[in-house]
Amino acid sequence: MISSPVNGLQTTPAQAPISEWACPTVYFDGACPVCSREIAMYQRQPGADQVRWVDVARCSADELGADLNREAALARLHMRRADGQLVSGAEAFTTLWQALPRWAWLGRLLSFRPVLWMLEAAYRAFLWVRQTWRPAAIPLQPQGTTAVALPKPIVADLRTDHAGETGAVCIYQGVLHFARDPALRDFATRHMATEQSHLKSVEAWLAPADRSRLLPLWRLSGWLTGALPALFGPRAVYATIEAVETFVDQHYEEQVQRLNAMGSTAQTQPQIKNLRATLIECQGDEVAHRDEAARGRGQHAPTGLLRAWCWLVGFGSRAAVRVCRYV
Ligand SMILES: [Fe+2]
Ligand SMILES: [Fe+2]
């Protein structure tokens, strides 16, 4: 979204006269409360009407220009000089200050290179602290909609989903490593393809920096969860999958309920609606997996060692989710 320096109306690049573009443009993160407050202060200064202000959390991709993507624009302040040159960080601040008459002296003073480097170091330190209230924005955005970082508890949920789907793929890899029964191999091959598509869906929602740091452990645990019962035959594998998917169904259900419990304003956000739809789709597949596994293990519920193993699988899944919320 752009505030026109001429009349304050919202315009798009296609609508804006050429002359309007020959002015400095600030690209700021309007979804960060600290950044937006600071920008609001600059917007009240004399001369601010000669600057174009673009809120990168709410603008369309076209409004950023070909040389700036949303992820980069959300990560740090950018400014386009009147000659079209793009600068960022400390240099963007000094450029902005020079564009505001009351601040011009400070902008000129701090644009001296060694001072600018120190200012850049301070700005990077601020960005590091900023992560505590403004985590990296989720890269998947429906075309033309607002890019808003998801709340931390939802990112934590997605971290558990990502770890879980990673483990799920490995479960079937473990099964296929030992299983020789054609029906079981077909079951594992089909399910693995579904889990890979789940993993891809979740990856689209979760920035690499937000993923679990224990993925090698989840991969190994998943592989063993599939491989060990595969050594004992199809019934053990089906009972294991039933136990895993019973837990996963509950886990997705809890997340959907958490999204439902968010205010109606949040629920109407395209990002939340899309995430909810993704989770429900995954949950539907997991329920189908659970039911197919239940049919595969036969009429009799697991007893003895197999029952203890299934309990351990459920307990391990719950424990892994708890750890994943933090690591
Ligand atoms: Fe899955
Ligand atoms: Fe599954």
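What follows is a chat about a predicted model of one protein chain.

Biologist: What are the ground rules for the model and its numbering?
Modeller: The model is predicted, so local features need pLDDT of at least 70 and side-chain atom pairs count only at pLDDT 80 or more, while totals for chains, interfaces and linings use all residues. Residues are numbered from 1 along each chain as its sequence is written, and chains are lettered from A and ligands numbered from 1 in the order in which they are written.

Biologist: What does pLDDT average over the chain?
Modeller: The average is 85, and 87% of the residues score at least 70. pLDDT is the predictor's confidence in each residue, from 0 to 100.

Biologist: Where does pLDDT stay under 50?
Modeller: Residues 3-20 are one such stretch, with 21 contacts beyond four places in sequence. Residues 138-147 are another, with 19 such contacts. Two residues are in contact if their C-beta atoms, placed from the backbone, lie within 7 Å.

Biologist: How many helices and strands?
Modeller: The chain has 13 helices and five strands. These are DSSP runs, numbered from the N terminus: helices are H or I with at least four residues, strands are E with at least two.

Biologist: How much of the chain is buried?
Modeller: Of the 327 residues, 33% are buried. Buried takes 20 or more other C-beta atoms within 10 Å of the residue's own, exposed takes 12 or fewer, and partly exposed is in between, with C-beta atoms placed from the backbone.

Biologist: And what share of contacts joins residues at least 24 apart?
Modeller: It is 72%, counted among contacts between residues at least 6 apart in sequence.

Biologist: On to packing. How do H7 and H8 pack?
Modeller: Their angle is about 155 degrees, with axes 8 Å apart. That makes H7 roughly antiparallel to H8. Axes are lines fitted to C-alpha atoms, for helices over the stretch in contact, and angles run from 0 to 180 degrees between N-to-C directions. Under 35 degrees is roughly parallel, over 145 roughly antiparallel, 65 to 115 roughly perpendicular, and the rest oblique.

Biologist: Which hand is the crossing of H7 and H8?
Modeller: Left-handed. That is, the near helix is turned anticlockwise from the far one by less than a right angle; clockwise would be right-handed.

Biologist: Which residues make that contact?
Modeller: H7 gives Leu-158, Asp-161 and His-162, among others. H8 residues include Arg-185, Ala-188 and Trp-205. The classes are 11 nonpolar, seven polar and five charged. Ala, Val, Leu, Ile, Met, Phe, Trp, Tyr, Cys and Pro count as nonpolar, Asp, Glu, Lys and Arg as charged, and the others, Gly among them, as polar.

Biologist: What about H7 with H9?
Modeller: Helix H7 (residues 152-178) and helix H9 (residues 215-230) have axes that come within 6 Å and cross at roughly 35 degrees. The crossing is right-handed.

Biologist: New topic. Why does Gln-283 count as partly exposed?
Modeller: Because Gln-283 has 19 C-beta neighbours inside 10 Å. Gln-283 is in helix H12.

Biologist: What does Gln-283 contact beyond four places in sequence?
Modeller: Asp-249, Tyr-252, Glu-253 and Val-256.
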